[in-house]
Amino acid sequence: MTALLALLRRDIQVALRVGGGALIGVLFFLIVVVLMPFAVGPDLALLKKLGPAILWLGALLASLLTLDRLFAADHDDGSLDLLTMSRTPLELICLTKAIAHWLVAGLPLIVATPILGLLLNLDGDATVAVALTLLAGTPALTFTGMIGAALAVALRRGGLLLAVLVLPLSIPVLIFGVAASNAAVLEPAGFGAPLSILCALSLAGLVIGPLAAAASLRHGLD
Amino acid sequence: MTLIDLANPTRFLSLTAKILPWLAAATAILLAIGLYQSAMAPDDYQQGATVKIMFIHVPNAWLSMFVWGVMSLSALGTLVWRHPLADVSAKAAAPIGAAFTFLALVTGSLWGRPMWGTYWEWDARLTSVLILFLMYLGLIALWRAVEDPSRAARAAAVLTLVGAINIPIIKFSVDWWNTLHQPASVLRMGGSTLDKAFLIPLLVMAVAFSLLFITLHLAAMRNEILRRRVRALQMQQASQPRA
């Protein structure tokens, strides 16, 4: 347990320091959202309608882009080998790394959502709803993405391959995330069910992600 | 004869060389019978002649899920039992499965145009099959991205097992969500809702397509084994100093 806590602290510190690049994800999120009005035109009514979808898509892409930092840096400096050889189960190590990654890359996206909601002409309720769905759904993105990151580091291939492998797995999260956000705007009664499914997806990812990532790390790094 | 006996690629090659002609012949005969029966099947009172698309569409859709099942078993074979032919089987199955999925999507879309009035609808069944198709393509991309087959095999095995979660979602999507695609009508509790005139040709076609898959799969596995042998020989030759 102390080893895992130390790992959590270390990962967060490394990510926040110079060269960690944790906040680049938020910057990317901001730029993607700002690009959208240029693409669809500055029609405020339309943006209000598309807002939840734009925010979700931006968060999905931003969390995808930060994923390759999850294992790659540790693999480059050799600390990943030490982690694989340690007595702590690799599954728990993967889980801890995923949590640390979500804290530095996923949580800032949610914090930035209200500001971006203003840019997209979302009202208060809708913004809160989107932030809530992101809070429930982004852990699922991190956990499924971790599988792709582990495969990419084991195969020494990153970039597009990782995106191609991870994006199909993240489609259910996107569907229910946008469904819940839209329900909050249109019919508040329909908000609970998709939100519960999002939470379920995150919990399922919590179990499957670390197992699959540890398996591919163990088989890949020989 | 057990799976272990097949671990020797040479034995596998000689066995499949004997079986394959028979399998291919059986596939051709059954396909001919199935196609004849499908052509002779009566027109539906609502759908007219377009109902005959079903005899191609449904077997393809079944096979698209069945092939992922075969790949998942092969993935277990790779990760758990380290069966030497398991990754050959998984690699050979992926393009075939992608082809079946693609055909299921295309025939479904051609059938949907006259019946539903649209080529594509973002319905749960259609979307989940499209995701399956994308995952097949991602898997093929993964196989092609890594040169060392055994390294690629283990990564692909993990991804195949993770992707297997999609299979029950596809199967039950029509029951869980109220969608445009009709619910299960052949394999369901309380018997099939299909009339015998349609059910029998459909089942013949399903068996014929399954045999087609087995034939293509075994042939592709043979090719893959031979391709690996060629690669091994080339590498051996390249490592030898010129005399």
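Visitor: What makes two residues count as in contact?

Guide: Their C-beta atoms, placed from the backbone, must lie within 7 Å.

Visitor: Which pattern does chain B follow along the sequence?

Guide: The pattern is α-α-α-α-α-α-α. Chain B has seven helices and zero strands. Of its 243 residues, 33% count as buried.

Visitor: Why is B:Arg82 called exposed?

Guide: Count the C-beta atoms. B:Arg82 has 12 others within 10 Å. The cut-off for exposed is 12 or fewer, so B:Arg82 is exposed.

Visitor: Where does B:Arg82 lie, and what is its phi?

Guide: B:Arg82 sits in the loop between helix H2 (54–81) and helix H3 (86–116) of chain B. Its phi is near 50 degrees, a positive value in a residue other than glycine.

Visitor: Which residue of chain A has a positive phi although it is not a glycine?

Guide: A:Asn121 has one, of about 65 degrees. This residue is found in the loop between H6 and H7 of chain A.

Visitor: Why does A:Asn121 count as partly exposed?

Guide: A:Asn121 has 18 C-beta neighbours inside 10 Å. Buried needs 20 or more, and exposed needs 12 or fewer. The value 18 lies in between, so A:Asn121 is partly exposed.

Visitor: What makes A:Ala200 partly exposed?

Guide: A:Ala200 has 13 C-beta neighbours inside 10 Å.

Visitor: How many residues apart in sequence are A:Ala200 and A:His75?

Guide: They are 125 residues apart in sequence. In space, the separation is 31 Å, C-alpha to C-alpha.

Visitor: Why is H3(A) called roughly parallel to H7(A)?

Guide: Helix H3 (residues 44–66) and helix H7 (residues 124–155) of chain A pack at an angle of about 30 degrees. Angles under 35 degrees count as roughly parallel, so H3(A) is roughly parallel to H7(A). Their axes are 10 Å apart. The crossing is right-handed.

Visitor: Which residues make the contact of H3(A) with H7(A)?

Guide: From H3(A), they include A:Gly51, A:Pro52, A:Leu55 and A:Ala59. From H7(A), they include A:Ala126, A:Val130, A:Leu134 and A:Thr138. By class, the contact has nine nonpolar, five polar and no charged residues.

Visitor: What do the two chains share at their contact, and how many residues are involved?

Guide: In chain B, 14 residues are in contact with 17 residues of chain A. Helix H4 (124–145) and helix H5 (149–163) of chain B each give two or more residues to that side of chain B. H4(B) has the largest share, seven residues. By class, that side has eleven nonpolar, one polar and two charged residues.

Visitor: How do you know where confidence is highest and lowest in chain A?

Guide: Look at the mean pLDDT. Helix H6 (residues 90–119) of chain A is highest, at 89. Helix H8 (residues 160–186) of chain A is lowest, at 83. Chain A averages 85, and 96% of its residues score at least 70. Where pLDDT is low, the predicted coordinates should not be read in detail.

Terms used:
Residues are numbered from 1 along each chain as its sequence is written. Chains are lettered from A and ligands numbered from 1 in the order in which they are written. This is a predicted model: local features need pLDDT of at least 70, side-chain atom pairs count only at pLDDT 80 or more; totals for chains, interfaces and linings use all residues. Helices (H or I, at least four residues) and strands (E, at least two) are DSSP runs, numbered from the N terminus. Ala, Val, Leu, Ile, Met, Phe, Trp, Tyr, Cys and Pro count as nonpolar, Asp, Glu, Lys and Arg as charged, and the others, Gly among them, as polar. pLDDT is the predictor's confidence in each residue, from 0 to 100. Axes are lines fitted to C-alpha atoms, for helices over the stretch in contact, and angles run from 0 to 180 degrees between N-to-C directions. Angles under 35 degrees count as roughly parallel, over 145 as roughly antiparallel, 65 to 115 as roughly perpendicular and the rest as oblique. A crossing is left-handed if the near helix is turned anticlockwise from the far one by less than a right angle, and right-handed if clockwise.
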